Amino acid sequence: MASMKEQAAISRLLSFLQDWDNAGKVTRSHILDNFIETNRGKTAPELEQEFSQGASLFLVRLTTWLRLTYMTGLCLEKILKSIGIFLSAVSSNRYLIEFLEVGGVLTLLEILGLEKIKEEDKKESIKLLQLIANCGRKYKELICESYGVRSIAEFLAKSKSEETQEEVQVLLDSLVHGNPKYQNQVYKGLIALLPSASPKAQQLSLQTLRTAQSIVEDTHPSIVACVLNVLRTMHLEVQYEAIELIKDLVNYDVCTALLKGLVALLIPPVKETSKLQPKILNDSTVLQLTAHLPVFLQQAAAAKAIGILARSNNRLAGEMLHLRVVHSLMAAMGNTDHSNSQRQASLTLEYFVQMFPVVEEHVRKSMGEELYKLFLSNPEDLYMKIDSIQADILAANEVNITRALNLGGLSNSNMGFYLGPGDQDQQAYATHFQEDVKGKE
């Protein structure tokens with residue numbers, strides 16, 4: 001027979017459960033407040049002791065009420081926090097199984113897609129999904145099999161709270177680790193987020209993609225176009241993450257496509273640059289609109305990225321010379337509609353001129369002595385000193401380093417010839433130049 005002490009404990013449990021069953025919305029809200037306050041951080045054995053070995057009886061009531069009311073948002077944050085106490089408890093595998101058996105994952109994912117639900121409630125749903133994913137591979141697979149990647153990615157794109165978006169990133173990062181069956185699905189979901197209208201979603205997706213790419217290894221064909229398109233952003237934190245990802249991607253099979261794409265962005269198509277011309281001419285309120293024209297932002301970012309890649313790897317610099325990068329950089333320097341394009345292109349061209357004598361020879365010849373001296377004196381401020389004629393000379397240049405390189409047979413083995421004497425000094429200069437530019441930026 002049960003001792004008097006055990007009988008008293010069971011009696012308290014039954015009384016508590018009866019109070020819950022008979023309570024209205026307000027009373028249940030108070031019960032949840034007390035539960036959260038007194039039980040946060042407890043282990044599973046401690047919860048069982050608190051509920052006289054009947055903690056699961058309260059958990060099943062919480063999950064039932066969740067399924068009945070989640071679409072209304074009634075006490076949703078408190079319910080989810082209470083369930084979180086069970087799922088986060090040490091040795092809580094039994095509670096986790098009970099929650100999953102009643103469709104807990106599907107309910108949490110559905111909450112993310114409901115428009116009427118508050119952001120804080122959805123954040124708690126994400127935290128519960130994190131707890132589930134962190135329990136192991138089979139639970140990550142369960143989330144993915146429930147169309148979780150799509151629901152989570154869509155929520156990241158639509159969320160208005162940066163704090164909540166960061167919680168989503170933690171979840172996606174968890175799903176891409178230790179999940180070989182569905183890691184490609186997560187990887188593709190991250191790529192699909194890159195065109196998002198949310199700068200924070202773009203930034204977090206780019207960060208997580210770097211990790212995902214190293215795990216997945218094989219690149220997706222669409223990643224090059226998607227990443228290059230992100231360079232149109234006016235948000236520097238997004239641009240930074242895009243360039244960091246580009247630095248990683250040049251080590252994969254998309255390297256050539258990536259370099260070709262970057263060089264092509266230095267000379268935007270005429271149709272792109274003329275799209276807003278009528279609006280600019282007709283509306284005096286948008287005279288400054290060209291300063292933020294996406295293709296020019298993309299042009300400037302491409303020039304910056306090319307400089308970073310060239311400074312980090314002579315092989316990449318050599319490959320870009322074959323893609324007529326010098327011609328394209330000079331054309332970008334002549335873009336008087338966007339000063340940052342001129343500045344970034346000028347800084348990058350200076351590096352190529354310093355590192356490759358053949359480039360120095362062709363650039364000097366194309367610019368003429370006066371403009372070339374002006375360029376060498378201060379490449380960063382050149383755009384403020386040139387006149388319209390000099391800008392036209394740059395924009396219409398016909399420099400073709402490729403022909404000279406082909407005649408000379410440039411390869412990795414004879415790159416030193418084109419680097420010229422004092423290669424070690426120039427390498428030291430390259431490192432100093434990169435640090436100097438970072439400091440200026």
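Two residues are in contact when heavy atoms lie within 4.5 Å. The structure is a predicted model, in which local features need pLDDT of at least 70, side-chain atom pairs count only at pLDDT 80 or more, and totals for chains, interfaces and linings use all residues. Residues are numbered from 1 along each chain as its sequence is written, and side-chain values use heavy atoms, with hydrogens and water left out.

The protein has 29 helices and 0 strands (DSSP runs numbered from the N terminus; helices are H or I, at least four residues, and strands E, at least two). Of its 441 residues, 51% are buried (under 20% relative accessible area, 1.4 Å probe, protein chains only). Among contacts between residues at least 6 apart in sequence, 72% join residues at least 24 apart.

S328 sits in helix α21, residues 325-333. This serine is buried, with a relative accessible area of 5%. Beyond its neighbours within four places in sequence, S328 contacts V263, L266 and I267.

The second largest pocket has a volume of about 340 Å³. A pocket is an open set of points on a 1 Å grid over the protein atoms alone, where a 1.4 Å probe fits, with protein on both sides within 12 Å along at least five of seven lines; lining residues have an atom within 4 Å of a point. Volume is the space filled by probe spheres set on the points, which are joined across faces, edges and corners. Of the 14 lining residues, R12, F16, Q49, E50 and F51 are closest to the pocket centre. Helices α1 (4-22), α2 (25-39) and α3 (44-50) each supply at least two residues of this lining.

Technical notes:
Buried < 20%, exposed > 50% of the residue type's maximum accessible area, 1.4 Å probe, protein only.
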